[in-house]
Amino acid sequence: MIYEVFRQERKGQAFQHAGSIEAADERFAEAYAREQYGRRGESVALWVVARESLLRIEDFVDELNRNYHRVDGYPLKEKLREARERAGTATNKGGQG
Amino acid sequence: MVSPVLRRVSVPARAELLLEIADDELILGWRDSEWTGIAPFLEEDVAFSSIAQNEIGHARALYELAARDLGTTADELAFDRKPEEYRCCELVELRLPEWERTIARHVLYEQADAERLERLKGSDDAEVAGLAAKIDREEAYHRLHAEMWHERLRNEPRYVEALEELRPLVDRRDGHTPELAPLWEEMTSVRRSQPAGTVW
């Protein structure tokens, strides 16, 4: 069975995926995880989880191209420029209008 | 060059005891390291090599303590004695290319060693007790590993047979098997190739 190993570099930091190991059961997985990811004192903690226990999500739907959901989908600079053009005050700061 | 130290003086009791354990660990470490690259699967290759490395580290620490008692060096004790002068048990000398027999030896040795270390930790000699405690903390991982494999293989006929076959050899120390001499040849070949008068 494949187990995925995540390691935490320092307390408080996010766990990062470090690799995977093949082991017969959790007992072997722990032994091997300690051996391969803990022998040199490089992590303060490990998470070891069977790959089949992971819930994988890879399909995301965006049929209507709702770019405003995305961080990059609402270009403020662009919209500001369009508004200034409509108002005819592209460069006038304290002008009328 | 064979150190004449051990023939010149009667070996103090403490050094005798330390040599027994050191020799066990050195020879077993050597045998365990023979699995590097050819263990049943990759994870076990790493784990078993790591155990072998620990064992040789233990041997070194024990030799260094004994060396002070004997007025020699750890390297001389480890490599310059003749095979018949080693105090290791017969169990560790055997080359066991079948995984189930290697694991059986591992299990038997770790059990016996745990008992031995427990006795030493209670020693009046502070240095011996201290070193035994340090070694014991590393051995905890070896024991975990051995128990884990024992659980997995306990119903396998070949493994059960191997345990029975090897058990009597755990405490046999009054001689050596024919396997020790060739092991010693290989283990000391680099050392013996050092040109006379040079310092490495």
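Predicted model: local features only at pLDDT ≥ 70, side-chain atom pairs only at ≥ 80, totals over all residues.
**Entry 1: confidence**

I began with the scores. The predictor gives the complex an ipTM of 0.76 and a pTM of 0.82. For chain B I noted a mean pLDDT of 92. In that chain, 94% of the residues reach 70 or more. Over residues 1–5 of chain B, pLDDT stays under 50. The model has eleven contacts beyond four places in sequence for those residues.

**Entry 2: the contact between the chains**

Next I turned to the interface. I found nine residues of chain B in contact with eleven residues of chain A. Which elements give two or more residues to the chain B side? They are α3 (42–70) and α6 (126–153) of chain B. I also sorted that side by class. Five of its residues are nonpolar, two are polar and two are charged.

**Entry 3: D125(B)**

I looked up where D125(B) sits. Its place is in the loop between α5 (99–121) and α6 of chain B. Is D125(B) buried, exposed or partly exposed? I counted 13 other C-beta atoms within 10 Å, so D125(B) is partly exposed; 12 or fewer would have made it exposed. I also checked D125(B) against R14(B). The two are 111 residues apart in sequence. From C-alpha to C-alpha they are 9.1 Å apart in space.

**Entry 4: the sheet in chain A**

I moved to chain A and traced its strands. Three of them form an open sheet in the order β2-β1-β3, with antiparallel pairing. Which strands stand at the edges? They are β2 (16–22) and β3 (45–50) of chain A. Each has a single partner strand, so one side of each is left without a neighbour in the sheet. I noted a twist that averages 25° from one strand to the next.

I then followed one pairing. Strand β1 (residues 2–8) of chain A is joined to β2(A) by six bridges, and the two run antiparallel. In this part of the sheet, V5(A) stands opposite G19(A) of β2(A).

**Entry 5: helix α2 of chain A**

Last, I checked α2(A), residues 76–87. This helix has twelve residues. From its first C-alpha to its last it reaches 16 Å, close to the 16 Å expected at 1.5 Å a residue. How many of its residues are buried? The number is zero, so α2(A) lies largely in the open. I also looked at what comes after the helix. G88(A) follows α2(A), and its phi is positive, near 70°.

Definitions and conventions. Residues numbered from 1 in each chain as written. Chains lettered and ligands numbered in written order. Contact = placed C-beta atoms within 7 Å. Helix = DSSP H or I, 4+ residues; strand = E, 2+ residues; numbered from the N terminus. Nonpolar A, V, L, I, M, F, W, Y, C, P; charged D, E, K, R; others polar. Buried ≥ 20, exposed ≤ 12 C-beta atoms within 10 Å, placed from the backbone. Expected span 1.5 Å × (residues − 1). pLDDT = per-residue confidence, 0-100. Pairing = 2+ DSSP bridges. Axes fitted to C-alpha atoms, helices over the stretch in contact; angles between N-to-C directions.
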